[in-house]
Amino acid sequence: MKTIYKYFNYHSLVIMISILSLSCEDFVTVDAPNYEITGELLFTDASSVDAALTDIYSQLRDNILTTGNILGVGYLMGLYTDELVNYNPNAAALLFYENTVLPNNNSVLNFWSGGYNLIYATNSIIEGVTASHAFSIEEKNTYLGEAYFLRGFIHFYLVNLFGDIPYIRTTDYEKNQSIPKLNQDVVYSEIILDLQESKSFLEELPMGDSNFRINQLVSSAFLSRVYLYQHLWEEALNEADYVINSGHYQLQSDIDQVFSNLSPETIWQFDTGRAGANTLDAQTYVFVSGPPPNSALSEAFISKMEPQDFRFTQWIGQVTNGSETWFFPNKYKFNSLTDTTQECSIIFRLAELYLIRAEAYAQLGQIPNALNDLNRIRDRAHLSPITSIDSDTVLNAIYEERRFELFTEMGHRFLDLKRTGLIHNTLENVKPNWKPTMDRLPIPDSELILNPSLNPQNDGY
Amino acid sequence: MKNNYILHEKARSFNRLFSLFLFLTFSSLCNNTLALPKYKIDLQHLVSGKVTDSHGTPLPGVQIQIEGTQQGTITSINGTFSITSHPYAELIISSLGFIPQQVSINNRDHITIILEEDITQLNEITINAGYYSVKEREQTGNIIQINKDAIEEQDLPNPLAAIQGRAAGVEIIQTSGIPGAAFDIKIRGQNSIRSNGNDPLFVVDGVPFPTSTLGNAQTSSLIIPGLGVSPLNNLNSNDIETIEILKDADATAIYGSRGANGVVLITTKKGKSGKTSFIVNLSSGLGEVANPVDVLNTSEYISMRQEAYANDGVTQIPFNAYDINGTWDPTKYTNWQKELFGNTSFLTNAEAQFSGGGEYTQFLVSGNYNKQTTVFPGDFKNEKVSILSSLHHKTKNDKLNLQFSVNYTTDTNNLPATSIVREALLLSPNAPDLYNTDGSLNWENSTWNNPLRNFEGSYLAKSTNLISNAVLKYTLLNGLDFNTSFGFTQSQLNEIKTTPNTILNPAFGIGSEASSAFHNNANRTSWIIEPQLNWKTQFKNSTLEALFGMTFQDEITNTTSIFANGFTSNAFIENLAAAQNVSINENSEKEYKYQAFFARLNINHKGKYFVNLTGRRDGSSRFGSENKFANFGAVGAAWIFSREGFSKSHLNFLSFGKIRASYGSTGSDQIGDYQYFDTFAFSNSVYQNTIGLRPSRLYNPNFSWEKNIKFEAGLELGFLNDRINFSSSYYQNTSSNQLVGIPLPRTTGFSSINANLNATVENTGWEFELQTVNIQSDQFKWSTNFNITIPTNRLVSFPNLEGSTYSNQLVLGEPLNILKLYQSQGVNPDHGFFEFTDFDGNGIISRPQDNQIIKDLNPSYYGGISNTFTYGRFNLDILFNFTKQLGMDYVATTHIPGTMNNQSRDVLHRWQNAGDQTDVQKYTSGLNYNGTLAFSNYAQSDAAIIDASYLRLKTLSLTYTLTNVQNMGIGCKFFLRGQNLWTLTNYNGLDPETRSNTTIPPLRFITLGTTLTF
């Protein structure tokens, strides 16, 4: 009896252990997480690739570079130049307003890291879709067209903010961690390559007839802007022509409705994501009592506007406390939820294309054509037409028109001052700390340390 | 014999079935064995007796055992006992804290026994080493025990508070005085380059207790430092019997992959045989911020601001300088620290414990209620209710033992959504009133952000926590035990952070449709099964103990976080159904699986020579298929030379002497789940009704365990009959194959990638402990415990460090926790701004060329000293802890002196005129670019590093015993306790322990209470 008992325990134990040891490898194996999708799987499923693409759109809308909130290029570079005045003494934006941006500035790092994080996402889509056999050629072309466009689009903002930067076209971190800077002209030509690629992949018509996504016309519109920045007037003219003549868009004659989500002028706008949601831009700029909690339009800006300019009454809001009056950008009017969405942040609208074409015409000496386009915009704002035939006068009139047409829209003022070379002369008298080297932001100092190939730091920092 | 053989055959054919049967129905087998016949015992002689201490006080609960048998009894409440035995049998009388005695009955009917108190008690202390236990004096490794007396003296709910200053080699930092905040614990320094990979393993009653928070950074990060409510907060200190800290390889290798950073074993209270006792414990206390920062008053502040603008050449004070341009009253003064975090925190604790049992069954049930309010204005508080119950039963033949315990806690933590400490420190002293006359928040025409806007939003965390375990132990043969421990834990956390529109300036004109709430609901369940075989046998002069066991563990964490906005009224802001938009931010299930084999072999030869071998083979789901398994092991040895003849004859001043050493390996798998998968995660962004997918991380499937080799040598000595005990240890821990997120430039898309880095980190150190009984008389006792740790942390090797992305963070041969700083040349007497050494001579002060100065932020030594005095009915315990370390100058953590921010009074020594020699630069309003740059560089220079050492009266506890339960039938004690009563430091910020100026420092508490025992 006792022996049996002993035997059971001894043998059963040995057996138990051996059975269990066999199952160990299985025991510590887990399935892929249920809240993430593996890269392999993602690129076999159209709706997943779509989700990966739209995430880039929503990041550009909510957090990065073109966002309408206080981290965006529109707000910070508006303060940095002469559009906006900062009233909040504790805001991080104060450093932009006072032009005391240092290489360890957090907002600068946000521009940089946010931008390159999205570029990584575009590259992973380009690589994944290219390698996948799960999609039709049409599907592939759409995905690639959008991804190439977005890669160029993000690099465009980075090259404008930082000057010479690396152009990232792979997800391989071993390459990207020591990648050197490219001269900004080379960066521009890379952007142009990506946009041409994008244009060739995309269909002309907007996807599902909506202007929330990139189509061939958006690519052209952006190409037109990039050619303009590169002084490639003919090319800029052709792309602008293509968009204007496509017949899909027309200037919104009622100036109050230009920023409505139904405006026929809009070429590309960001879907707000949630029903009833409106723009972050309105949340950033609109206030109802003074002094302004964040910022207001500068005296320099307001005083230069022609009194009869209709944009002054329709696109600019006023608040007064009896003794003082403050003005704020009121292109986007709804700073809170509404029953249905009324406004979306607009990235490209037809008015800019007219102004691009006007500038290209002027540069090519076709003054009457230039005036024709320019005066469409002036006319809509109830301003008298420009009649001068002096090309410098016309060009300056176009620059001034851009200032009042495109104010606080995703940093146009900074971009225009910079590309036209007027930045230093314009800002040195209105911004006490201004120095000529400030047309570039510093490269984040942590980046120079982690990747010494990014040296030297931009001049002046 | 033949029968047996047949049985063998049969069994072999069914062996698989049998083994399963055995494994699954172990309990039924146990029941069968209960029915085995018992030995007949001769019942010959009834002896009764009484046991007292040397003062004649009766001792209850003393073990009386008949030598050579399992038979015995315990004394009653008045110290009496009776037992039947052979008339000439020997009785062994033992009780914790007394020297055991052996008494011959000698055919007497009544015996009186006086037990001598054991002064040091050390001989009797048994240390829990997790899978086994060991006598303190005979251990080969290094395990520190903190007993319940020290734990009970703490008023804070987190049990780690009790370790601070009491355990050599264990560095504890309270991260914040906000209820629910975590304590940082580092056992023997930082092993991993990754700052969040250094947590020890916590085990409660044998069940691993995950201490990573379930909180979501979006809900709690603005109020609680780190990653939210600490799960350890869910343990009730008063329910803890002992805490053991396992430090060296010998002690930790049996925990294998999770032992690299040490192990903390928490054992809850258990019932004891004897009279049923009922204990009630009530206390309440008051807490406050002890050392506010000495900031400028209004006139000093106003003149600073005016001087700043004058320095910048600005004559017309700008429109937005509301503090000095006439908008605000220039004579108004508010002490913002007093106003915004200067309230009194009330602490209430009530506890009842009911315990008792007989020889075979013991039980304990206890309940606790704890409430702490905050120092913020407003009705914020943390409330906790916990229940512990435990049951132990053994059969009469002592073959089957069952231990069962359940610990359940619910905790409700209601805090403001945002800490306003930094805002309170920086606010202009002449800033406007907080409230309008009608009681609403005053925004003073948008000229300021009212700090109380932060309290419009709230943070509410409700958590419950269950830890249950059962241990079944069955004696298979004499000396061979089989036991299985089962554990189950469940933690639930529901957090809501509300952000009503009222936190915004009304000037934005935004209503409650912009109000939002973030909900985070997380649930973690885990189970563990650990079957084990223990074998103990005696050879001629040696005792051999062996252990073999297995672990199966599974842990599942479910998280759902929800963002809701668009409320019709803020009254319903916590109700998801009242929101116009509800979106799910995260809905995930994470699984962690873990499997191991472990073994131990211990040889005790003549009670003088000890060898201990431990090992573990571990598998973890956190690694890819190539790297799931790894082996760990250690050897420890000890020699008690005071038990040798030569020592007794030549070293007779020694009452105890031991040398010991251990060597072995442990590992770390603290990298998080699923990190080796290449994935896209759902983002919370919606675009065209599609929820976005975002790349989760840079992908590396090939990382594996971090490896940690530990060596330790120790010497333990006792003098004057153990009235003086001294021990010292030297340790050397080497961590290699570092599992880190290697920082990458953002051009890669991310900031880091998980990989094993071929770098080695070494922690060495000396630990000394001294325990003395200074005075020992009938009336007065005085004993002292002192410990000090001198740690060194060093990066030993790092191939290609200069070329790596760590080159700015680490330096070969230096500690991990360093800062690379500019070298300040002080404030230039001519222009009044800081200047720095331009090491590369390029005219620009920039990293990485010019930050060549290295400052170590690790402590150079730390420790504690406690003194215990007993005089009659009074008992006084005083604990000081101390740390020698550096910290960041308060001024360097603020904004530039001269901007619209209040400052420490240290800035009054600023540069004013050419020729001034000072260490505070010229005021600037922020408009001077050079001044701004110089200050920014100053904050990254050696001039910003100051001494942050401190000596703190951590705990003072005075107890008066009015009556004790033995004499009066009712015990009554009163106690007065203080925490953080006094601090000696040169540090100029809020607190040298946290070295932070953004959160509430550890509070000064004074508590009064009483303990009643029935």
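Colleague: Let's start with a strand pairing. Which residue in strand 30 of chain B is the bridge partner of A:T38?

Modeller: Keep in mind that this is a predicted model. Strand 1 of chain A pairs with strand 30 of chain B, residues 679–687, in the antiparallel sense over 3 bridges. In strand 30 of chain B, the residue that partners A:T38 is B:T679.

Colleague: And the wider contact between the chains? Which element of chain A gives the most residues to the side that touches chain B?

Modeller: The contact takes 82 residues from chain A and 85 residues from chain B. Several elements of chain A give two or more residues to that side, including helix 4 (46–62), helix 7 (106–131) and helix 1 (2–22). The one that gives the most, with 11 residues, is helix 1 of chain A.

Colleague: How many residues on that side of chain A are charged?

Modeller: Sorted by class, the side of chain A that touches chain B has 42 nonpolar residues and 31 polar ones. That leaves the charged class, and its count is 9.

Colleague: Over to chain B. Why does B:I83 count as partly exposed?

Modeller: B:I83 sits in strand 4 of chain B, residues 80–85. Leaving aside residues up to four places away in sequence, it touches B:V47, B:I64 and B:T73. A residue needs 20 or more C-beta neighbours within 10 Å to be buried, and 12 or fewer to be exposed. B:I83 counts as partly exposed because its number of C-beta neighbours inside 10 Å is 19.

Colleague: How far apart are the C-alpha atoms of B:I83 and B:V47?

Modeller: B:V47 is one of the residues that B:I83 touches. Along the chain the two are 36 residues apart, yet their C-alpha atoms are separated by 5.5 Å.

Colleague: Is helix 19 of chain A largely enclosed or open, and which residue with a positive phi follows it?

Modeller: Of the 8 residues in helix 19 of chain A (412–419), 7 are buried, so the rest of the structure largely encloses it. Among the buried ones are A:F414, A:L415 and A:L417. The buried residues pack against helix 5, helix 8, helix 18 and helix 20 of chain A. The residue that follows helix 19 of chain A, with a positive phi near 75°, is A:G421.

Conventions
Residues are numbered from 1 along each chain as its sequence is written. Chains are lettered from A and ligands numbered from 1 in the order in which they are written. This is a predicted model: local features need pLDDT of at least 70, side-chain atom pairs count only at pLDDT 80 or more; totals for chains, interfaces and linings use all residues. Two residues are in contact if their C-beta atoms, placed from the backbone, lie within 7 Å. Helices (H or I, at least four residues) and strands (E, at least two) are DSSP runs, numbered from the N terminus. Ala, Val, Leu, Ile, Met, Phe, Trp, Tyr, Cys and Pro count as nonpolar, Asp, Glu, Lys and Arg as charged, and the others, Gly among them, as polar. Two strands pair if DSSP finds at least two bridges between them.
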